[in-house]
Every structure is written in C-alpha cells, then in structure tokens.
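Hello! Here are a few friendly notes to read alongside the structure.

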Amino acid sequence: MKSFRDKRRDNRPRPTGTEHPRPRDAFAAGRPQPKPVERHESKSPDRQEQKSAPRVLARRQGPLPAERLPLILEVAPNADYALLDSGAGEKLEQYGPYRIVRPEGQAIWQRALPAKEWERADAVFTGDTDEEGIGRWRFPKTPLGETWPMKHDGIDYLGRFTSFRHVGVFPEQASHWDHMAGLITAARRPVKVLNLFGYTGLASLVAARAGAEVTHVDASKKAIGWARENQEMAGLADKPIRWIVEDAVKFAEREERRGSRYDIVLFDPPAYGRGPKGEVWQLFEDLPGLTDLCRSILTPRPLAVVLTAYSIRASFFAIHALMRDTFAGMGGTVESGELIIREKSAGRALSTSLFSRWVA
C-alpha cells in the first residue's frame, strides 16, 4: 500500500500502509498521497485481500508515563530549506536552488512579501488542488527536470516534482530526525531502528549515519526505489539499511511473531491508505492497534517510539492519551504537540502536523 499516510494535510500522496500519499508511495510510512495515490492502484473489491482480524486490545496496567505538553518542535529557515512566505492558501518555499509555490490550506492569513517575490518562483503546483486529486507543475521560467539535487544537514538526496504537490521531503520532520540521531549517539551501543511508512528515506539515512541498523518499510515500490537512490546519492551505500516493500501493519505483525525487536520505532501513517494487496487503513480505526503493536516489538532497553499524524481533525491530546495508555508501565515520558515551520518573511508559524513520542 502506499504509505498509509496518504492523506496528509499537505496533500501528500497518500499511502496506505505501504504507499505513501506523500510522494512516498508506500503504505508504510511516510509522507503523501491522497487517494491511493501515486503509488498504487486501488483494486476492485473482489480482488482485495481480506483484512487481518482486529488486534485484541486490553488497557495496559501500571502507572502512566510522565508527560510533557504542549511541545512545539520548530524548523527555522536554513541554507537547505526555507519557508519564505505564506498566505492566501499557498506557501512559497526555497528548496536548494529552487523557489516553489504550493497550496497550503493552513495559511489562512495574508502574504507578507510583495507579489514580485512570488512571481520569481521556479515551479508552481497547479491544477486539481483537492487532497484527493492529481495536479501538475508549471515552470514560469525554464522547464525543469523531474528531479534535482538537494541536501539535509550534509546528506544529499533527490528532490522530485510529483503529481501530488510533494517534493520528496517533509522539512518539519527534521526536529524528529535530530532527536533520534541524538538518542542513537548517546546510547553508545548497537541500536536498531524501524521506520514504518518510510517514504523516500531521509529519516532512515539520518539514523544510519548516526550508527543505527535500520529497517525501512513502505508499501510503495516507487518510494523504495527513490529511497535507494537517495542512499546512493548520500554516499551511505555501506550503511546497514534494509529496504522493505510491504504493508506496514503486516510487516510489524510478522516481526512480532518472529521475535524481531527494535530500540526505536518511527511511524507516520496516513489518515487513509490502501496497501499493495488491497489492504485498507483508516487512521482512527487502526491506529490504536498499530501503536500497541509498536510497543510489542520494542527491545528490553528501548529508546523511543515516534508517531506523527497529518491531515486529521483531532487535537494532539487524542494521540497523546493513546500513547500514554499504550506505554503504561514502561516509565519514560510522552511528549506531544505540533511540528511547525517558522516563516522567513514575517516570522509566522505554519503548523504541519501533530505528533506524540514516548521517550524512555
């Protein structure tokens, strides 16, 4: 499936368990596809694989973890990426050498920069701007290729113009990547990371560079191919990363049965998604079971579990309560809030997603 995160508020291609709606096409993690997007074709009902029986859940016993909230994790403008301006339902961003204009439903205020600054854009996403639709890119100056070289904190990767307005990276996630890298380095021991709905792989590359052994799962074969390209581009081909094209939930269930365990689990499911074999993911129905499953595949000395949720009509308090209940008896702290990007023009904060993470 495309990464289950298919429906992100950004209109990232939605993944379903495997394919990501964000242009990550995989059900597993990730970041863009509204409709089963980019990555997969939905199958007719008679060809859909029957969904696994619901996971039987019982409330965990023991004291709830400590809590820290609200926690606002912010990404400021830098040489690799900057939110230059936003407003009137759009955002103007700088990705490496290119200025890009894309729809942004959260930007309900007015633009701070003059029109001439927006008119300098190299690429503008146009056409169908509905979360479920497919659009196209317009290049006001010179026609650009599908991909271009980008960097994040010294890691090279490919930006890509996709039909779902995504470009292969969700800059706001950098806060989680930095936090994870710090945990891996501070552990001073072998660390295993599982990245569910992994999309184009930047989180996996950051973890591998920090010294972790990584398993990256996404339902979209296209997203996995892109992630492999990024690994080569980053000069990290020698790092231990397993690339798995699979429905995120089914993979995690199999790891539980096999006794495979991880120190850090990242999962960034879509609001709705469809997997490679017709598996269907509905966030509010399926998230409790997947969260419980993530706890069950932790090592005896786990470091963290990080959940990010895009495009959902809910408060971060909802996923905060779910995480605290799920990790009852484990100690540690559950930190929850929002991921934001700080605008360069007027300093406004653009909220991109909700998150909750348990840290041992």
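Buried here means a relative accessible area under 20%, exposed means over 50%, and partly exposed covers the range in between. Please keep in mind that this is a predicted model.

1. Let us begin with Leu-73, which is found in strand β1, residues 66-75. Is Leu-73 buried or exposed? Its relative accessibility is 11%, so Leu-73 counts as buried.

2. What does Leu-73 touch, once residues up to four places away in sequence are not counted? The list is Ser-175, His-176, Glu-338, Leu-339, Ile-340, Phe-355 and Arg-357. Leu-73 and Gly-337 lie 264 residues apart along the chain, yet 7.7 Å separates their C-alpha atoms.

3. Two of those partners, Ser-175 and His-176, bring us to helix α2, where both are among the buried residues.

4. Just after α2, Arg-188 takes a positive phi of about 50 degrees.

5. Finally, have a look at Thr-291, found in helix α6, residues 283-296. With a relative accessible area of 0%, Thr-291 is buried. Which residues is Thr-291 in contact with, leaving aside its neighbours within four places in sequence? They are Phe-267, Leu-322, Met-323, Thr-326 and Phe-327.

Notes. Residues numbered from 1 in each chain as written. Predicted model: local features only at pLDDT ≥ 70, side-chain atom pairs only at ≥ 80, totals over all residues. Heavy atoms only, no water. Helix = DSSP H or I, 4+ residues; strand = E, 2+ residues; numbered from the N terminus. Buried < 20%, exposed > 50% of the residue type's maximum accessible area, 1.4 Å probe, protein only. Contact = heavy atoms within 4.5 Å.
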